[in-house]
Amino acid sequence: MKRFLNILLVFFAVGGLFTVLFFGIYGAVQSTKTHEQPSTETTLSELPKPEKTGGVRGQLGIDKNINESTIDQYLGRSDAVYRDMRMLVDEANYENIQGDSYLSGYVEGFEVVPYPKIVNVTGLPAEVGQSYTGTTLFTQTEDNVIANYKESMAFLEYYFPKDKKIFLMCGGGGYAGMMKNLLVELGWPEDQIWVVGGYWYYDGDHAVKVKRDDNGLITYDFWKVPYHDIEFGYMNEK
Amino acid sequence: MKNKVGILVCACAALIAVGAIWLGFANYQKPAEPKPEVIEKFHLEPELYEGSQLKEITADEFASLIQNKKSFIVIAHMDFCPAETPLTTTTEQFVAENGLTIYALKSDIFKQTELADSVKYLPSAAIYRQGELIKYLNAESDEDIPFYQSAENFRNWLSKYINLSKE
């Protein structure tokens, strides 16, 4: 009996030790698999080629592989620029369709360049009316795109360098898709531009909230936004 | 002594095997079986055959429809995007032509509803039968593109699942 109890004791002791070791190693392996690090200077990985996703989202040009769900993996690259194409306050009346005309947040690393000031916006829902209808860098007609200022191309080349990969976002993906179409039409390489989609869908770790609700008082911290407005007063008309 | 060592080794091996089998079962996820396509058409709630409107509802109203096991159609529209959103135009035309009432959710309201657990991208239209989600339009599906684009195609999609007249 005594011998039996000794065996049992040793059995549980050694078995317990093995179990702890086993689960410890397993847990360590699992934790390394789930922890995703964004790209760093020393780990510039090859990017998947731009490829449209399916459905009506694909019709906006939103990418299948690099989109709102995966963009965190591609932030911080030294060979890329990140551009959000919204206005701080869009002049289109989105309140008419229960929307929000204000930039409520953005993804850290993206800089905001207002698409409606780059080129005239068309195709908005009728209830919304028109977006910004003032001066633009370019005018898009049915046949082509016309630069309105001598500095128009220089502005684009500065904020959307042709030798960099370009990631585009906006609220829902519309302006971003339109911007890619414009750049490609003006000679940018199509396979170096990704339409990431809309901030509305973003639930990653790098959201910068601009809209605040303090007990019912809504405010917007626009000073947080890296916003590049376009000063037409200092440009030379063509 | 040799017997003791042998017993110990066997016992430890058995423990590790049990642990590995347990982990295997814990991590195994049975592949979701595809829901069979519903082919039996049904009627909407009687009041929805009148009105000819897109009716905005709140998250609480939506939850109440589910709780009370109602049969209805709802759209969730992309009110924050300037790109052309054909679904709103399509459904407005559809309700005008067919005399039905369809519920509508603003994007931020949609996020508060259980529909957001199933529908990832907007715009979308969803069909509920007695409080249960039967079908929805997938904004990432090429097959669903036509149903966004015209009232006639939207009607054809709905008529696979719903009796579009009260009788």
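I began with the packing of α5(A): its buried residues pack against α3 (115-118), β5 (145-147), α4 (152-159), β6 and β7 of chain A. Contact means heavy atoms within 4.5 Å, and buried means under 20% relative accessible area, with a 1.4 Å probe and protein chains only. Helices (H or I, at least four residues) and strands (E, at least two) are DSSP runs, numbered from the N terminus.

The model is predicted; local features need pLDDT of at least 70, side-chain atom pairs count only at pLDDT 80 or more, and totals for chains, interfaces and linings use all residues. Residues are numbered from 1 along each chain as its sequence is written, chains are lettered from A and ligands numbered from 1 in the order written, and side-chain values use heavy atoms, without hydrogens and water.

I then checked burial: 9 of the 12 residues of α5(A) are buried, so the helix is largely enclosed by the rest of the structure. Among them are Y175(A), M178(A), M179(A) and L182(A).

Next I looked up the sheet. It is open, with 4 parallel-paired strands in the order β3-β1-β6-β7 (chain A); two strands pair if DSSP finds at least two bridges between them. I noted β3 (111-112) and β7 (193-198) of chain A as the edge strands. β1 (residues 80-84) and β6 (residues 165-170) of chain A pair over 5 bridges, and D84(A) has M169(A) as its bridge partner in β6(A).

Last, I looked past the helix end: G187(A) follows α5(A) and has a positive phi, near 110 degrees.

Terms used. Buried < 20%, exposed > 50% of the residue type's maximum accessible area, 1.4 Å probe, protein only.
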